[in-house]
Amino acid sequence: MDISKEKLYRKFEIAKLLEVSYTGKLKKIFKEYNFHPVLTDENNIEYYQASVLEFLINKQNELYQYFNETYYTYAETISLSLNVTSYDLNLSNPIEIPNLIKIKKFQYSRLGYEIKALNKRIEQKEILQTSSSYSTREVLLLFNFRDIEKLLKENNIEPIIKKQVGRKFYRWSKKEIDNLLIERTKQYNYFDKNFLTNNEVKELLNITLINSILIKKANLVTEKLPSLIKYNRFQSTHIVYTKNSIMEYIEFKKEKEKNILKSKLEKKKKINLKNEMLLNNFITLTNISDLLGLSLQITKEVLKENDLEPKYINNSGKHYLKSAIHLLKENQDLLYKTFEKEYMTMNEIRSEKKIGLKPYRNLTSISVPKIIMKGKYKSKIYVYPKVEIEELYVIRKKEQHLKEILKDVSIPFPVFEKLISEKGINFSPNATLTKKYWTSFVRQKLNKTQGSKANVKVLINRLVTITGIIANSTIEKEIFSYSTNELNLLFFNTELYLDYQVVIFSFFNVINDETHFNIFDFAKLKNPNIVRRSKVTNNKQVYSPKQFIELLDYASKVELHKQNAIIDINNALKNIKKYKKYDSAWLYVLLHLNNGWRSSDFTYKIPRLELPPNISINTDFSKNPLSSKEAKLIIVQLSSKLQSFKHSKNRKSNYFFCSEELEYPLANALMICELRTRLINPNNIHLIDFMNEDNEMLTGTQNLFFSNYSKDFKFGSLKMNRTFMGLMTDVIKKKTNRNPLEITKFIRNHTDIETTNVYIDIPQEHLDYISSQLFDKGYFGYTYDLFLKVLLESDQNDPISSINKSNIIKNVFGDIYNIENLSKYINHLEKEDEALLNYLKTLTKKELLEKMLLINLGQLPAKEENYQCIFGKCIFLERDCSRCPFSIPHFYALTKIGENIVKRLNDYKEIHNNSMYLGEKVRISNLLISDLLILSYAKEKFGEDVLSAFINIEYAELKKQIKSLPNPYEYMSNQ
């Protein structure tokens, strides 16, 4: 038999293949072998795996062959005329026939009788039959009946011999016993043919219980079973049922079920006829919803708007007149086509026209009728006229074209000229001189600008707009021909944007300077600069010290912001429209708290970073936090990459600073932004990305970031810069005797007096904490350490000896040469160290504190970048800061020192074998050892990783190169 391994077999299919009954035997077989269906469908049909069928067929064949060869059925004993009694059968090791093989000859058999044992019993009987009487035991064996004497008495057989010798001893007439056996067989055959047992009836009727109610109801005929035949299938049976009454009842049931089914079909037919009538003339609310393609709620509202009421209501719901609904459908289709032709949805505008969001406010919005709220109008409230969209599209295309012109502003004046031409701005023939002077003014202004690309674009657009204003004002005459009052009315009024007035006022100044005539009377002209200064002064909003501290605390909550940022990034990976830029907002705010930069410097200058070795885009960053060491290295990496950073406005050097408290939060924000960039926009060169044209933190992003802080809080870049400068000013004012205004003009290289002229009064309880957030603790070296020792009143009489200084280099770079040779050079340094110590001893505690504060604030500059001078003004003009005991290096200086060392190593190799360069060897040796000493201090304070990051060469490689040099100490001088 071919059994498909892939197929599932239904229960009745298995029964058919096994040739057993579906309801009775198969159920017992499954229970016996503990088989269960793998599937049951909606009709309760059970399905089994092919392996179940295969097992049962193999098992059936195996068992059937064994039982066929080993056991007789009861029917076989009769057909073979073996002339055996129930007792004989009972002695032949009877065994239950397994349900699985109740087929063919075993189909109606309950027991099997061992062939060998039965043959042996027959042989024994033949021996017994030679006698004329039976003992009680022999009769017992013949009938296999427990109370044999009772059975014989019931059948009027008395013993022929009665003896009482210790116990009863009876013998019975062989003839009577044999006749009784014949009668027994006769009766058994009669009952076997015409009656069924209780269990057989239950199985046949598929019921679990037969009671008197059922017997009476079904007219079942019962009969008491004679004791003589209570064996084989009638074993332990008292009442049997006639087969005829059972079959009549089964036929009755079938007929009844047939009538019930017929009744149901007739009822269903009537319902179908009624439903057909309803279908032909009426339609349910659900079907109306499907027909119109509207939601159920909208459908109800549409029906109400069109005064359509249900005409028929039953259990299946409300039914409406079909003709009225089809008319409504026609109106819907007509209206839908009209709206498709004349209007556009917001999605269509964005996808087809790709118009920005801002112009939508000016469009006429048309409410979408409820009846067409399907398809592209589903969930849409408004649509917009196509005529207006086309007009707006033309405008936006022109704007986009102008933006294309502004893409490359490396040479700004030609861009200005092209924009003037594209916008159709022309000067009148009556204003040729005005055009000449204005064009010259614009060329000079654009050629001199050094702002960022974004700022240059703003300036060009501003000059183009002003060109249009001046051109329109000089259609009839030159600008020089206007009186002062006319100029004031034309340009210096409240209607014209103040920044435009400032440019025009400057233009008039240039004309006066170039012509050497007082063409314009500035004494009578309104000066817009005065107005602007007044507005700026009156509008200098800052955050309070309390707000600053609270904001520091909020931005430092690493777990809160990290989890929120990760959730936001995961949303972006599923749908970029759901991305709120939380990670960029966190980094943007943190950077503002320690650095007084412009907003564009934050958004366009923070570079991409290298990830720590154990972090990748597959890292579960929420479960694998950064270590403190990793965080420190990330901040150092950022610091090293920002060394060449210039202010976008004044192009002056600007340095990155991060307080110790913000190091860990900032490192986490940087890493999350780097991971997000690699996942979403790997081609970006900067980390902060608010994904809009100006890369600005929009209201939605800001509201989300500060949702756990304060709903009313508004973060402003300029406001935070003013706060930063104001706090710095108050710290200096309260902790030093210096003029805060003169100092803060140079803090972070701000030169705009209006920006830095902001004062905040810091409460005394917050002063030290806020000071710690503003100090730069990146200074190091012998001078800095000695300064701290004197300030803390440590042992001041023992400056670092030459041996100790030699050991510092030895600890860092190893005993690469005979280190004691350093002494002749370091002895010279010690004399200068004594001068330094003596100077520091002359300062009071207050003066020392003030100087230390100014050093940390970067307010005692030296003549070389990234150094601070204790004097604040160089007194050794001929000496480099790297070799001066009164200078203090910042770790930013390490890059330059590293470059110098690499260069000096190469120079020293080149000149070593040339005796003509002895003086140069001495000079390079002295410089090399000075730099090595500085690097030794840096290595001890900041560690190997920080040192490697700033000197742009691996620490191990530097040691290797130094060790490869011929000993430079022999050339060192004490000069």
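Ala, Val, Leu, Ile, Met, Phe, Trp, Tyr, Cys and Pro count here as nonpolar, Asp, Glu, Lys and Arg as charged, and the others, Gly among them, as polar. With those classes, the lining of the second largest pocket has 17 charged, 14 polar and 12 nonpolar residues. The model is predicted.

**The second largest pocket**

This pocket has a volume of about 1,800 Å³. Its lining counts 43 residues. The closest to the pocket centre are Lys25, Lys102, Gln107, Glu200 and Glu203. Several elements each supply at least two lining residues: helices α2, α4 (74-79), α9 and α10 (198-205), and strand β6 (111-114). Helix α10 gives the most, with seven residues.

**Aromatic pairs**

A search of the whole structure finds 53 aromatic pairs. One of them joins Phe30 and Tyr48: the ring centres lie 4.4 Å apart and the planes meet at 25°, so the pair is stacked. This pair links distant parts of the chain, with Phe30 in helix α2 (residues 25-33) and Tyr48 in strand β3 (residues 46-49). The two residues are 18 residues apart. Phe30 has a relative accessibility of 4%, so Phe30 counts as buried. Tyr48 is buried too, with a relative accessible area of 3%.

Tyr188 and Tyr231 form another stacked pair. Here the distance is 4.5 Å centre to centre, with 20° between the planes. This pair also links distant parts of the chain, 43 residues apart. Tyr188 belongs to helix α9 (residues 174-194). Tyr231 sits in the loop between β11 (222-224) and β12 (239-242). Tyr188 counts as buried because its relative accessibility is 2%, under the 20% cut-off. Tyr231 has a relative accessible area of 5% and is therefore buried as well.

| Pair | Centre to centre | Angle between planes |
|---|---|---|
| Phe30 and Tyr48 | 4.4 Å | 25° |
| Tyr188 and Tyr231 | 4.5 Å | 20° |

Helices α2 and α9 come up again at the pocket, where each supplies at least two residues of the lining.

**Charges over rings**

Two lysines sit over tyrosine rings. Lys374 lies over the face of Tyr336, at 5.7 Å from the ring centre. The charged end of Lys436 sits over the ring of Tyr437, 5.8 Å from the centre of that ring.

Conventions. Residues are numbered from 1 along each chain as its sequence is written. This is a predicted model: local features need pLDDT of at least 70, side-chain atom pairs count only at pLDDT 80 or more; totals for chains, interfaces and linings use all residues. Side-chain values use heavy atoms; hydrogens and water are left out. Rings of Phe, Tyr and Trp (its six-membered ring) pair if their centres lie within 6.5 Å; planes under 30 degrees apart count as stacked, over 60 as edge-to-face and the rest as tilted. Helices (H or I, at least four residues) and strands (E, at least two) are DSSP runs, numbered from the N terminus. Buried means under 20% relative accessible area, exposed over 50%, partly exposed in between (1.4 Å probe, protein chains only). A charge sits over a ring if NZ of Lys or CZ of Arg is within 6 Å of the ring centre and within 35 degrees of the ring normal. On a 1 Å grid over the protein atoms alone, a cavity is a set of points where a 1.4 Å probe fits but cannot get out, and a pocket is an open set with protein on both sides within 12 Å along at least five of seven lines; lining residues have an atom within 4 Å of a point. Grid points are joined across faces, edges and corners, and a volume is the space filled by probe spheres set on the points.
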